[in-house]
Amino acid sequence: MADQFGMVAHLAGQALRTGWYLGLHEATDRVTDVLGRDLPRYRPSGPVPSTRQLMQDLGKLLLMDAQNVRDGVYPSPEGEDGPLFRQVRRAVAMFADLPEAMRRRKAGEGAEVASLPGASELPDYFVQNFHYQSGGYLTDKSARLYDVQVETLFLGAANAMRRQALRPLSEAIRGRDQRHLSILDVACGTGRFIDQVAQTFPVVPVKGVDLSLPYLSEAHRFLAGRRCVELLQANAESLPFADESQDVVTCIFLFHELPAEVRRRVAGEFARVLKPGGRLVFIDSLQFGDRPDFDGLLEAFPAKFHEPYYENYLGDDVEMIFADANLVSMASWNAFLSKVVVCRKP
Ligand SMILES: C[S@@+](CC[C@H](N)C(=O)[O-])C[C@H]1O[C@@H](n2cnc3c(N)ncnc32)[C@H](O)[C@@H]1O
């Protein structure tokens with residue numbers, strides 16, 4: 001009974017939250033439509049889901065999420081967006097930034113961040129803006145805006161999609177002494193997933209790596225007070241960890257921003273640092289064929305948002321990449337606009 005009550009309370013909270021982000025999504029769409037009225041319309045060749053279909057899939061994700069809460073897989077999250085005043089301030093800042101982002105879109109400007117301090121030490125594929133965002137991954141402002149932008153884009157479902165990784169994670173570590181495990185989140189960004197792990201498994205040591213110092217600083221702020229969390233700057237292509245040192249590696253929303261050959265190097269690193277029997281839990285965008293009736297939506301995405309490697313990612317075979325790295329596929333499922341892939345190192 002208490003679990004059912006928890007599930008309903010969680011669903012109600014998430015419905016409110018989704019409403020807030022749906023409102024922001026609608027409003028940003030209107031503003032960008034006005035600012036971009038002179039831009040040509042992209043007509044995808046594949047099928048595009050109706051709003052109703054999208055809402056149904058979003059509803060399915062929220063239901064899976066609530067069932068996980070009911071089943072005790074993870075608790076209903078606390079403070080997942082930070083304090084309300086900060087949320088509102090950041091939403092306002094996102095709107096204030098839209099004209100600049102639209103100017104870059106019209107100019108087809110994707111690499112202006114290459115002239116920022118520190119950019120020359122970073123890989124070329126990284127030193128770009130994604131989604132025409134101001135500052136790419138190289139500024140504090142970008143790090144502050146990232147989460148409200150991502151949640152707005154995904155209709156408030158980004159955190160719920162990330163939480164899908166918690167079920168396979170908990171299956172991997174169930175019954176083990178959690179104080180002596182090691183979980184590594186590769187490309188942890190602003191630390192939202194690490195916060196979910198820390199709320200679910202407070203004594204498990206979790207490390208997060210990312211190339212972006214401003215994003216790591218934002219993660220530090222967001223995760224302040226969480227014990228057992230360590231953050232460090234590192235390139236996913238050469239992780240600073242010993243062979244066979246990690247029980248679980250997670251990686252969320254990274255691969256679609258990497259060139260094909262880099263995806264393969266990063267997968268090789270996952271396999272290298274995992275202990276035998278260790279798990280990889282991977283989440284990223286749906287790919288062509290995962291939801292054939294969504295293919296046109298995926299195809300249109302890079303036309304609207306600067307995503308230099310997304311088109312290639314859509315047709316790449318993620319499970320084959322992991323198989324080539326000697327990681328054995330265990331499970332895979334769609335979660336709204338994302339897919340979850342779970343692999344095991346033999
Ligand atoms: C789309 S964000 C995803 C962040 C986070 N995992 C999330 O769930 O929001 C991609 C992240 O990958 C990081 N990144 C990109 N290339 C990287 C690389 N080669 N090594 C480490 N981090 C990288 C970026 O700095 C950024 O924080």
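Tutor: Helices (H or I, at least four residues) and strands (E, at least two) are DSSP runs, numbered from the N terminus. By that assignment Lys304 belongs to helix H10 (residues 295-304). This is a predicted model, in which local features need pLDDT of at least 70 and side-chain atom pairs count only at pLDDT 80 or more, while totals for chains, interfaces and linings use all residues. Residues are numbered from 1 along each chain as its sequence is written, and side-chain values use heavy atoms, with hydrogens and water left out.

Student: Is Lys304 buried, exposed or partly exposed?

Tutor: Lys304 has a relative accessible area of 34%, so it is partly exposed; buried means under 20%, exposed over 50% and partly exposed in between, with a 1.4 Å probe and protein chains only. Between Lys304 and Val206 there are 98 residues in sequence and 35 Å in space, C-alpha to C-alpha.

Student: OK, over to the ligand: how many residues surround it?

Tutor: The ligand is surrounded by 20 residues, the closest being Tyr146, Arg162, Ala187, Asp210 and Ile252, where a residue is near a molecule if one of its heavy atoms lies within 4 Å of it. That shell has 14 nonpolar, three polar and three charged residues; Ala, Val, Leu, Ile, Met, Phe, Trp, Tyr, Cys and Pro count as nonpolar, Asp, Glu, Lys and Arg as charged, and the others, Gly among them, as polar.

Student: Which polar side-chain atom lies 2.9 Å from a ligand nitrogen?

Tutor: That atom belongs to Asn235, and a backbone N or O atom of Ala236 likewise lies 2.9 Å from a nitrogen atom of the ligand. An N or O atom in the side chain of Tyr146 is 2.6 Å from an oxygen atom of the ligand. The protein buries 97% of the 590 Å² that the ligand exposes when taken alone, with accessible areas coming from the Shrake-Rupley method with a 1.4 Å probe.

Student: Changing topic, how many aromatic pairs are there?

Tutor: Searching the whole structure gives 14 aromatic pairs; rings of Phe, Tyr and Trp (its six-membered ring) pair if their centres lie within 6.5 Å, and planes under 30 degrees apart count as stacked, over 60 as edge-to-face and the rest as tilted. Phe282 and Phe322 form an edge-to-face pair, because their ring centres are 5.2 Å apart and their planes are at 75 degrees. Since Phe282 lies in strand E5 (residues 274-285) and Phe322 in helix H12 (residues 318-324), this pair ties together parts that are 40 residues apart in sequence.

Student: Are those two buried or exposed?

Tutor: Phe282 is buried, with a relative accessible area of 0%, and Phe322 counts as buried at 0% as well.

Technical notes
A polar contact is a pair of N or O atoms within 3.5 Å; within protein, one must be able to donate a hydrogen and the other to accept it, and residues adjacent in sequence count only if both atoms are side-chain atoms.
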